[in-house]
Amino acid sequence: MDENRLNILNESNRMLSKLQLLSVFFEDELIYKIYLRTQVIHKLFETNPELDINKLELFHLQFTASLVDLLRKIKKNNEANVSLVFDEIDLTREMIDKMDDNQLSEQSFKIDQQRQALKINLSLRKLYQVLSDNSADYPFSKNINAFSLRYAPDFFFNISPELYSELIQYNYNDTYHNTYATIQRKLMGILNKHEFRTEFYCGLKASNLVLEVYKLLDEDRHFLFSPANNLFIFCDVDKLDGIDRTNNLSRKERLMHELQDKTNKLQSDVVAMKAHMPAEIKSLLAENYKKLNDINFLQNISEIDVQANILKSMLNTDII
């Protein structure tokens, strides 16, 4: 085999390797078919020494090299776009991790609800005793206001100032009161009857003003606790019907879920972005494959020139 023929065949194999790698990258059936057809053309010259080997070189120079350059440009652009998406994913994950380190979780909120209800029950029992004995003792459990201070920003439901004012309305003459607390007489009687067994129902906030709503365990009755003035009065929960209490996730936790959903979507989009091919180029590739498949290569090399010119013009467009 003369040196010129050997060099052209070696260069042809290198061009085939480049096209094969690109077909694997894009995972596109059409590109793979073009690669296979180009292999057939290479094999035709490799196994038929009587053919003019220079025509194989011309074919690669006119067609395969232009196609490889075009696909490489698309690959580079796609990889740049994917890189930006991965950067966004990384930044979003960092944000989620930072929020996760600082956030109050739904689980901790549920646990502290139970602790707060126990504190309220013990405080009400003590308040009953203090009022009965006309004692000056402080009735409330330690840090009874810490719960609302900690959880109100993220877990209490927003209400209007008007509704807040409506909920805390009461007749002072219908209450027991001392220096430390005010409680409706009828509410105290019902609480005593049910042995001060209640559970946390929900938290409400109107700007910086908060209310804690509790439910009697053995009766479908509710009352509220106002930490601002240690007030205990009945609460008509029908007035809270307009409040969405189905989602107890904190604002940070909801945002974390939204960010995680966004990250998952971006990750699923990466696969499609990596192998994205503009419709105009897909159409051109289909036409190229048809030409390669239908023409008599040796007699119609000029048709390859036409396709090569189209490929080269694609390299200078902004559709990629």
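Residues are numbered from 1 along each chain as its sequence is written, and side-chain values use heavy atoms, with hydrogens and water left out. Because this is a predicted model, local features need pLDDT of at least 70 and side-chain atom pairs count only at pLDDT 80 or more, while totals for chains, interfaces and linings use all residues.

## The sheet

Let us start with the strands. Helices (H or I, at least four residues) and strands (E, at least two) are DSSP runs, numbered from the N terminus. Two strands pair if DSSP finds at least two bridges between them. An open sheet is built from 7 strands in the order β1-β4-β5-β6-β7-β3-β2, with mixed pairing. At its edges stand β1 (157–158) and β2 (175–177); each has a single partner strand, so one side of each lacks a neighbour in the sheet.

| Strands | Sense | Bridges | Residue pair |
|---|---|---|---|
| β4 (residues 198–206) and β5 | antiparallel | 8 bridges | lysine 205 and valine 210 |
| β3 (residues 182–184) and β7 (residues 231–234) | parallel | 2 bridges | isoleucine 183 and phenylalanine 232 |

From β5 to β6 the hairpin runs through 5 residues.

## Helices that pack

Two packed helices are described by the angle between their axes and the distance between the axes. Axes are lines fitted to C-alpha atoms, for helices over the stretch in contact, and angles run from 0 to 180 degrees between N-to-C directions.

Helix α1 (residues 3–26) and helix α2 (residues 29–46) have axes that come within 9 Å and cross at roughly 165°. The two are therefore roughly antiparallel, since angles over 145 degrees count as such, under 35 as roughly parallel, 65 to 115 as roughly perpendicular and the rest as oblique. Their contact (heavy atoms within 4.5 Å) includes Leu9, Leu16 and Phe26 of α1 and Ile31, Tyr35 and Phe45 of α2. By class, the residues of this contact are 9 nonpolar, 7 polar and 2 charged. Here Ala, Val, Leu, Ile, Met, Phe, Trp, Tyr, Cys and Pro count as nonpolar, Asp, Glu, Lys and Arg as charged, and the others, Gly among them, as polar.

Helix α7 (residues 185–193) links our two topics. It lies across β2, β3, β4, β5, β6 and β7, at about 75° to β3. Helix α7 also packs with helix α4 (residues 106–133) at an angle of about 115°, the axes being 11 Å apart. On the α4 side are Leu124, Leu127, Tyr128 and Leu131, which meet Met188, Leu191 and Asn192 of α7. This contact has 6 nonpolar residues, 1 polar and no charged ones.

## A buried proline

Finally, look for proline 139, in the loop between α4 and α5 (146–155). Its relative accessibility is 4%, so proline 139 counts as buried. Leaving aside neighbours within four places in sequence, proline 139 is in contact with Ser123, Lys126, Leu127, Val130 and Tyr180. The C-alpha atoms of proline 139 and glutamine 129 are separated by 8.5 Å, with the two residues 10 apart along the chain.

Note on methods
Buried < 20%, exposed > 50% of the residue type's maximum accessible area, 1.4 Å probe, protein only.
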